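Reader: I've got a structure open on my screen and I'd like to learn how to read it. Could you walk me through a few features, starting with the aromatic rings?

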Amino acid sequence: MPQLAYVDGRILPLREASVPVEDRGLQFADALYEVTAVMNGRLLDWDGHLARLRRGLAALAIDFPMSDAALGIAARNLVRRNGHRDALLYMQLSRGVARRDHVFPGAARASLVMTVRRFDFAQRVRQQRTGIAVITRPDDRWGRVEIKTTGLLPNVLAKQAAKAAGAFEAWLVTPDGVVREGGSTNAWIVAGGRLITHPLSPHILGGIARATLIRLAREAQIVVEERAFTLQEALAADEALLTSTTAPLLPVVTIDGRPVGSGTPGPMAARLAALVADEMERQTGWRG
Ligand code: PDD
């Protein structure tokens, strides 16, 4: 079956799908995106992704007339037509196509593209047993990263540096040592039985997986502190972990080559991974 993409209301083979060269997403990264997990053919946490997209549209004053219901139908239809049980749905919504000019165009119509790519979530479950390595990089992004725009060049460079160092992720750190988040994941530590993650702010992307983990942990009577933590604290922590749509929960076992805790996945990560797995099964029927 050929890969299919959605472009402004049309479904067509991915290799034929394109956007005009004057799309503002291309020229200015004047665009938002969402990555949603498709597990067992079902969308995970769809309402959360939709709500974040709506917040982004409001923040950027992009007028997008499609209703939530219509968007849900279009997304699910593309997922179904692609036929993958386990996949990632990518949605990108730009301010539209207009002659290049920084100020908002008067008459552009917002443009929506979507793709669905197969994804192996079971591979992530295997990585939960070994844990992963992170490196650190300066956080040199702009000051509004709570808006999920396609302007990801600092993230791209940080993640490439991680790959070059044989690590899974790069944690982005401020000059005074605060760990904000990873290049495409949220960052956590475990200390004294408490789960600690950076508070929502313009300096992190409020992850959907982050929100889910906070809810699940609190329901399980685990204390969650939404507060800034430093690299020093992370290196002295009992455990560390990261979350995202593409890595629902992974134990971090080294930071810049130095072990966290025992240097192996810890008991809190295992407990949280089980909670996350139960939640995925509840929503989608998926079991790794
Ligand atoms: N990235 N922080 C950043 C900078 C991210 O790009 C992401 C997601 C997250 C986690 O958000 P969520 O839990 O909603 O996936 C945190 C996506 C997966 C990506 O760019 O591919």
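This is a predicted model: local features need pLDDT of at least 70, side-chain atom pairs count only at pLDDT 80 or more; totals for chains, interfaces and linings use all residues.

Reader: How is a pair of aromatic rings described?

Author: You give the distance of the centres and the angle of the planes. Take Phe121 and Trp286: the ring centres are 6.2 Å apart and the planes sit at 75°, so this pair is edge-to-face. The cut-off behind that label is an angle over 60 degrees.

Reader: Where in the chain do Phe121 and Trp286 sit?

Author: Phe121 belongs to helix H4 (residues 121-130), while Trp286 is in the segment after helix H8 (267-284).

Reader: Are Phe121 and Trp286 buried or exposed?

Author: Both are buried. Along with Phe119, Phe121 and Trp286 make up one aromatic cluster.

Reader: What about Trp171 and Phe229?

Author: That pair is edge-to-face, with 6.2 Å centre to centre and 65° between the planes. Here too, distant parts of the chain are linked: Trp171 is in strand E8 (residues 169-173) and Phe229 in strand E13 (residues 229-230), 58 residues apart. Trp171 has a relative accessible area of 0%, so Trp171 is buried. Phe229 is also at 0% relative accessibility and therefore counts as buried.

Reader: On to strands. How should I read one?

Author: In a regular strand the side chains alternate between the two faces of the sheet. Then look at cover and partners. Strand E15 (residues 250-255) is mostly covered, with five of its six residues buried.

Reader: Which strands pair with E15, and in which sense?

Author: Strand E7 (residues 132-138) pairs with E15 in the parallel sense over three bridges, and Ala133 stands opposite Thr254 in E15. Strand E14 (residues 239-243) runs antiparallel to E15, joined by three bridges; there, Ala240 faces Val252 of E15. Strand E16 (residues 258-259) is antiparallel to E15 as well, with two bridges, and Thr254 stands opposite Pro259 in E16.

Reader: How many residues lie between the strands of each hairpin?

Author: E14 and E15 form a hairpin with six residues between them. The hairpin of E15 and E16 has two, and Asp256 in that turn has a positive phi of about 50°.

Reader: Last topic, pockets. What's the general idea?

Author: Roll a probe the size of a water molecule over the atoms and you see where empty space is left. In this model, the largest pocket has a volume of about 900 Å³. It is lined by 40 residues, and Tyr33, Val35, Lys148, Gly183 and Ser184 lie nearest its centre. Helix H5 (153-164) is one of the elements that give two or more residues to this lining, and H5 gives the most, with four.

Reader: What classes of residue line the largest pocket?

Author: The lining has 17 nonpolar, 14 polar and nine charged residues. At least three residues come from each of domain 1 (4-119) and domain 2 (124-284).

Reader: And what does the second largest pocket look like by volume and lining?

Author: Its volume is about 360 Å³. Among the 22 lining residues, Arg52, Arg55, Gly206, Gly207 and Ile208 are the closest to the centre. Helix H2 gives the most to this lining, with six residues. By class, you'll find seven nonpolar, six polar and nine charged residues there.

How values were computed
Residues are numbered from 1 along each chain as its sequence is written. Side-chain values use heavy atoms; hydrogens and water are left out. On a 1 Å grid over the protein atoms alone, a cavity is a set of points where a 1.4 Å probe fits but cannot get out, and a pocket is an open set with protein on both sides within 12 Å along at least five of seven lines; lining residues have an atom within 4 Å of a point. Grid points are joined across faces, edges and corners, and a volume is the space filled by probe spheres set on the points. Ala, Val, Leu, Ile, Met, Phe, Trp, Tyr, Cys and Pro count as nonpolar, Asp, Glu, Lys and Arg as charged, and the others, Gly among them, as polar. Domain bounds come from an automatic or database domain assignment. Buried means under 20% relative accessible area, exposed over 50%, partly exposed in between (1.4 Å probe, protein chains only). Two strands pair if DSSP finds at least two bridges between them. Rings of Phe, Tyr and Trp (its six-membered ring) pair if their centres lie within 6.5 Å; planes under 30 degrees apart count as stacked, over 60 as edge-to-face and the rest as tilted.
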